[in-house]
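Thanks for asking me to look through this structure with you. Keep the 3D view open, and let us go through a few things together.

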Amino acid sequence: MTDTLTFTDGRTGTTFDAPIEDGTVRATALRQARASDDDFGLMTYDPAFMNTASVRSAITFIDGDKGILRYRGYPIEQLAERSTYLETAHLLIFGELPTQEELAHWAHDVTHHTFLHENVKRLMEGFRYDAHPMGMLISVVAALSTFYPEASKVDDREVRMRQVVRLIAKVPTIAAWSFRHNQGLPYVYPENELGFTANFLSMIFRMAEPRYCVEPALERALEVLFILHADHEQNCSANVMRSIGSSKADPYVSLAGAAAALYGPLHGGANEAVLRMLAEIGDVRRVPEFISSVKAGHGRLMGFGHRVYKNYDPRARIIKQTADEVFEITGRNPLLDIALELEKIALEDDYFVSRRLYPNVDFYSGLIYQALGLPTAMFPVMFAIPRTAGWLAQWLEGVQDPEQKIARPRQIYMGSDERDFVAIEDRGRAATVA
Ligand code: ACO
């Protein structure tokens, strides 16, 4: 047995070999198969990357069938129990858990970059009073590119790492100020004496008190949520981060693009959609009716299903526990009963079982955010804050990978053959193009 894929091109009867490496064959190996001399060669067609590895990565491992998620080899369950967000961010970015000294240095660095230029504040004040905080976050992160023009030197390690620290430090400030803007409240400046999540909660909730008092259990719950959301290998937004980064654009605009991808309801916007869905159902008694309508093709059960997990999302399991701990302090979210009933029915229903649809990370996270007092519009923002570390780890790996070039898929052209330009007065009624 050799590690080779042998295939025969039925058009010519020629047989080819393609080496198999790490369970993959290179798509370019198919190019050997040509129907004629001027044929470009065979390509693969893979809309939505259903079966294509686009990178070699050492950051995050997922086994979707077994429900396994590891960052740099460490199981997510152990990190959620024993780590902090900043420590996990260090792990993702540098590849190793920090020593005490490294962690102190890293935390100091991040803490001392949380302030925003006052002009960024003015820029934010220019948004409409009811601007969606995720729209603000995306725009303001992109705008940071103009404050740090050196960031364009993406081949310089030192410059790259400075932007990494800045982004991890400043995204929570932008996120919190987007919330305050949306609420019509004054922006709260960062507090260097507070830890990463406590400082974020202070920037979100502090009013007239001289120092915001953070409930330790809520601070820990947020740490856990941030750890669980820190990375998820080549998902839609990570792919965007790498794709924009592949043109050597700076990390601010690349990250703004990644955050835009996260905004959609099929990705990070799902937790917002889950809460809207639960509110729409409104009563446990209406759950069977709602499930029937999903099965009849009217909408989806938001927070269910995943491209990679065909088993219970391990993050959803941890979040469910965290939700219980949070509700002990904040009181039970009345929508929880609807969520539990939906999960119970869906896990027994053949429609969901046969399609291997299980709750994903977003099914319960929104309930926690709501219990913390955050409006649904903030949910995707709460996802983007910790994912910043993951996006940056993916970006760093991408820009340093000698095998990567500018991302540029091929297409199968389905349009008209060549035709001559027609003067406007000679044109018939044009077919409507969607
Ligand atoms: N509710 C009902 N049916 C579903 C759902 C759902 N949530 N998800 C998938 N299906 C069905 C599809 O209709 C399809 O059925 P069919 O074979 O009869 O046509 C089948 O399951 C496969 O679905 P696809 O859309 O092909 O699966 P894909 O891998 O492309 O989609 C996705 C994954 C986008 C996450 C999908 O499951 C979905 O839309 N879920 C709801 C949105 C959501 O929760 N997104 C968050 C994902 S996690 C994250 O980004 C953090």
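This is a predicted model: local features need pLDDT of at least 70, side-chain atom pairs count only at pLDDT 80 or more; totals for chains, interfaces and linings use all residues.

1. Let us start with the cysteines. A disulfide is a covalent bond between the sulfur atoms of two cysteines. How many disulfides does the structure hold? The count is 0. Cys236, with 45% relative accessibility, counts as partly exposed.

2. Next come the rings. A pair of aromatic rings is described by the distance of the centres and the angle of the planes. There are 17 aromatic pairs in the structure. One of them joins Phe115 and Tyr189, with 5.7 Å from centre to centre and 25° between the planes, and this pair is stacked. Phe115 belongs to the loop between helix 3 (100–111) and helix 4 (118–125), while Tyr189 belongs to the loop between helix 6 (157–183) and helix 7 (196–205), so the pair ties together parts 74 residues apart in sequence. Phe115 is partly exposed at 42% relative accessible area, and Tyr189 is partly exposed at 28%.

3. Now look at Phe200 and Phe226. Is their pair stacked or tilted? The ring centres are 6.2 Å apart and the planes stand at 55°, so the pair is tilted. Phe200 sits in helix 7 and Phe226 in helix 8 (residues 216–228), and the pair links these distant parts of the chain, 26 residues apart. Both Phe200 and Phe226 are buried.

4. Some rings form a group. Phe304, Tyr351, Phe352, Phe363 and Tyr364 are linked by ring pairs into a cluster. In another place, Arg317 lies over the face of Tyr312, 4.7 Å from the ring centre.

5. Finally, the ligand. Which residues are closest to the ligand? Of the 19 residues that surround it, the closest are Arg300, Leu301, Gly303, Arg307 and Arg355. A side-chain N or O atom of Arg300 is 2.8 Å from an oxygen atom of the ligand. From the backbone, an N or O atom of Gly303 lies 2.8 Å from a ligand oxygen atom, and one of Leu266 lies 3.2 Å from a ligand nitrogen atom. The ligand taken alone exposes 920 Å², and the protein buries 73% of that.

Note on methods:
Residues are numbered from 1 along each chain as its sequence is written. Side-chain values use heavy atoms; hydrogens and water are left out. A disulfide is a pair of cysteine sulfur atoms within 2.5 Å. Buried means under 20% relative accessible area, exposed over 50%, partly exposed in between (1.4 Å probe, protein chains only). Rings of Phe, Tyr and Trp (its six-membered ring) pair if their centres lie within 6.5 Å; planes under 30 degrees apart count as stacked, over 60 as edge-to-face and the rest as tilted. Helices (H or I, at least four residues) and strands (E, at least two) are DSSP runs, numbered from the N terminus. A charge sits over a ring if NZ of Lys or CZ of Arg is within 6 Å of the ring centre and within 35 degrees of the ring normal. A residue is near a molecule or strand if one of its heavy atoms lies within 4 Å of it. A polar contact is a pair of N or O atoms within 3.5 Å; within protein, one must be able to donate a hydrogen and the other to accept it, and residues adjacent in sequence count only if both atoms are side-chain atoms. Accessible areas come from the Shrake-Rupley method with a 1.4 Å probe; for residues, only the protein chains shown count as cover.
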